[in-house]
Structure formats: structure tokens, C-alpha cells
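Welcome! Try each task before you read its solution.

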Amino acid sequence: MPMTPLAFIDQYLARYQSHNPALWNYEDGCVLTGCRQLYQATGEEKYLRFVLDYLDARVAADGTIPTFDTGNYNIDAINCGKALFLAWDATGEEKYRKALDFHARRLAGHPRCVCGSFWHKEIYPWQVWLDGLYMAQPFAMEYETRFGGRAGYGDILRQFRNARTYLYDPAKGLSYHGWDESRQQPWSNPGTGCSPNFWSRAMGWYLMALIDAVEDCDPAIYEVYRALCDQFREAVRGILPYQDAATGMIYQVIDRPDVPGNYLEASGSAMLACAILKGVRLKVLLADKYLPHGLLPYETLTRDYLRTDAAGQCHLEGICSVAGLGPGNKRDGSVAYYLSEKVVADDPKGVGAYMMATAQKIMLP
């Protein structure tokens, strides 16, 4: 009998080891966010305890994080900070509030493009990647709503609108993985600055960034709330034609199922499922029209991508291990490049997204 999603998740958490114990890293942040959402969905203390145990070992009494790399600005580092909201709520320990403030200050000082958007990293100057929207903007939105008096809403909306302006292809209905404002990168189109292809997980990051920001936006600030909802709906409408009809999954290179070696990729598909299910739960998407598009990839992942080995350990398979752009001539954004990256099991980016999708499914009305 196949293992249930929650049984797999419990097994995964029991054996989980930090993706990089020496670094405050976004991969662990995906698993922590999955736990946070599962705690919201189930009320089970084990998910809260996983988050608190992780943070207690890494956040000092004064709110500093010794493993946070302060030598370089890297937008990915903000993702792990999202778990601090849960820790602050659950414990009231001042170190967590101080750590939240630290993350907000890091964002305030993060280098920016001329258009106002954050650089992806100091080693990737003048570049906006869809990944970075997910790492930073939901944190910024929750912080602003809870502690910032909503003063930063305009900046958050500007960064999402910049992504729509510079990375979106209206003919395809999809957004490119990255954009180089300077047009200096070998992968960037000299005319548009965009990378050449549409990557599954990049679109997944984008969809989750938008719906997470919607959830934490004060709807009383109607112009911002409505704009984010509209941009999310547009992104969902754009990707639905590329869902595989039988499985609901999306391809590693989304619009190129014709290319030999292209495959239905698990992490981007889990993110798509999560975003649609959350959009339905928040009533941003109509259930009658969109719910099947979220349930089908989730059910496929559960049925076909959760596989138990001879030792009784269950694994989530079919996950692209990593993909990026540059630096320099490395990782050129071609179809061949995206298909060259390893396909692995149990990567936290994929399992974290599957955990989030599971939580959103549980919370459906």
C-alpha cells in the first residue's frame, strides 16, 4: 500500500539533515516553511517543534545568527528567516524578534537595480531572478504587515510589477527565469535582457511568491492587494495550457515537451499545486475552475513520485537538483543546460514544496 503524504513527511523530517549546516540557507527554509504551513493546517506540535529545534540551534540569545553570511548580499538567505515569525508567535522570545529585524535590515541594505528591484546576489549584479521574488518578497510583506506599518507595500508591489514588465512574455503567457538589466551576461537577450527559456521551478517560485504575498497583504490597502491578486491570476492562467493533460505536471523546460530528454519535473509541479490550492483556499481563484488544476499534479506526485525502497524508506523522486544562470559562460540558460542538471530524490526544495501543497490541500474548505 502506498505511503500517505503525512507518513512520508514524518519519515522525511525524522531523517532530515541540514542542506548546509555551516550556512543559513534557503533550502532548509523550504522545509521550515512546509512545517509552518503544516502546523497551521493540522495543529500538530511536532511541526512546530521541528522549527523551534532548528532555530534554537542557530539563533543566539541576542538575535544574531552565526551561520548567516554577512560578507555578501544574497537574496536566498532571507528565505530561512520566514520561520522566525512562527517562532516569535509561539514563544515570544525576544531573540526571534531581533532576528526578524535583522533580516529586514539586510533587505533594506540589499543592492538594487536601477529599476528598484533587488539584485539576486552580489555575485549576480543587476540581475533579477524569479527565485529571488520568492526568497524576499513574502518575508517583506509579512514583516511590513506585522511590524512596518505597511510603509514598504509600494516597494514590494514595484518589485513584482518589475518582474511582470521585464520577465513576462505575453505571447507565451510565461515568465523567463532571469533578467539582466545591464545586458552584460552571456545568457541575456541583447534586446530584452531575458534569459532564453522558461524553467519549471522558476515559475513555481514566482507563483508561490505572489500568493504568499497576497496572503500576508492587508486587503484594506486595496490597490496593492488587488494588483497582486491580478498578477497571480494572470500567471496561473498563463501556465495552465502547459500542464500535462494526463498528470497535471509541468515539464522541466515548460514549453518544450517536444525536446528529447525533457521530463515532468516534481518540484515545479509541487509548487504549481501549492500555489493553485492556496489561491483557491484564499478565494483568489474560483474553485470550480481551478481546483482540479491544483489537485491533479498533487495526486500524481503522491501516487507516482513517492516511492518506498526495500528498507521501507519513502522518497520523493523526479526533482531537479539545482539550476541557475551564470556566472559568466557557465549555466547558459539553454534547453540543453536545464536538461543537463541532475535529477534527484528528496531535495528539500521539492519536498518542502510538497509539504506546502499537502498543507494547502488539508486547509481547503
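**Exercise 1. A pair of helices**

The crossing of H5 and H6 is left-handed. This is a predicted model, so take your time looking around it.

*Solution.* 
- Step 1: The axes of H5 and H6 come within 8 Å and cross at roughly 155°.

**Exercise 2. A second pair**

Now try H8 (residues 153–167) and H9. What is the handedness of the crossing of H8 and H9, and which residues meet there?

*Solution.* 
- Step 1: The two axes come within 12 Å and cross at roughly 155°.
- Step 2: H8 and H9 are therefore roughly antiparallel to each other.
- Step 3: Their crossing is left-handed.
- Step 4: From H8, Tyr 153, Phe 160, Ala 163 and Arg 164 meet Tyr 206, Ala 209, Leu 210, Ala 213 and Asp 216 of H9.

**Exercise 3. Helix H3 and its cover**

Check the length of helix H3 (residues 45–56), then find which of its residues are buried and what covers them.

*Solution.* 
- Step 1: At 1.5 Å a residue, the 12 residues of H3 should span 16 Å, and the end C-alpha atoms are 16 Å apart, which agrees.
- Step 2: The buried residues of H3 are Tyr 47, Leu 48, Phe 50, Val 51, Leu 52, Tyr 54 and Leu 55.
- Step 3: Their cover includes helices H1 (5–15), H2 (26–42), H4 (78–81), H5 (83–91) and H6 (94–108).

**Exercise 4. Into the core**

Which residues touch the most other members of the largest nonpolar core?

*Solution.* 
- Step 1: This core has 134 residues, and those touching the most other members are Phe 8, Leu 13, Trp 24, Leu 55, Leu 228 and Phe 232.
- Step 2: Helix H9 (residues 200–216) gives the largest share of the core, 11 residues.
- Step 3: Follow Trp 24: leaving aside neighbours within four places in sequence, its contacts include Tyr 54, Leu 55, Leu 84 and His 103.

**Exercise 5. Buried or exposed?**

Decide whether Asp 347, Arg 281 and Lys 283 are buried or exposed.

*Solution.* 
- Step 1: Buried means under 20% relative accessible area, and exposed means over 50%.
- Step 2: Asp 347 has 8% relative accessibility, so it counts as buried; beyond four places in sequence, it is in contact with Tyr 12, Ile 319 and Ser 321.
- Step 3: Arg 281, in helix H11 (residues 266–281), is buried at 16%.
- Step 4: Lys 283, in the loop between H11 and helix H12 (287–305), is exposed at 67%.

**Exercise 6. Backbone exceptions**

Most residues other than glycine have a negative phi, and most peptide bonds are trans. Where are the exceptions at Arg 183, Lys 283 and Pro 327?

*Solution.* 
- Step 1: Arg 183 has a positive phi of about 60° and lies in the loop between strand E4 (178–180) and H9.
- Step 2: Lys 283 has a positive phi of about 65°.
- Step 3: A cis peptide bond joins Gly 326 and Pro 327, with omega about 0°; Pro 327 lies in the loop between strand E9 (319–320) and helix H13 (335–340).

Terms used
Residues numbered from 1 in each chain as written. Predicted model: local features only at pLDDT ≥ 70, side-chain atom pairs only at ≥ 80, totals over all residues. Heavy atoms only, no water. Helix = DSSP H or I, 4+ residues; strand = E, 2+ residues; numbered from the N terminus. Expected span 1.5 Å × (residues − 1). Buried < 20%, exposed > 50% of the residue type's maximum accessible area, 1.4 Å probe, protein only. Contact = heavy atoms within 4.5 Å. Core = buried A, V, L, I, M, F, W, Y, C linked by side-chain atoms within 4.5 Å. Axes fitted to C-alpha atoms, helices over the stretch in contact; angles between N-to-C directions. Left-handed = near helix turned anticlockwise from the far one by under 90°. Parallel < 35°, antiparallel > 145°, perpendicular 65-115°, else oblique.
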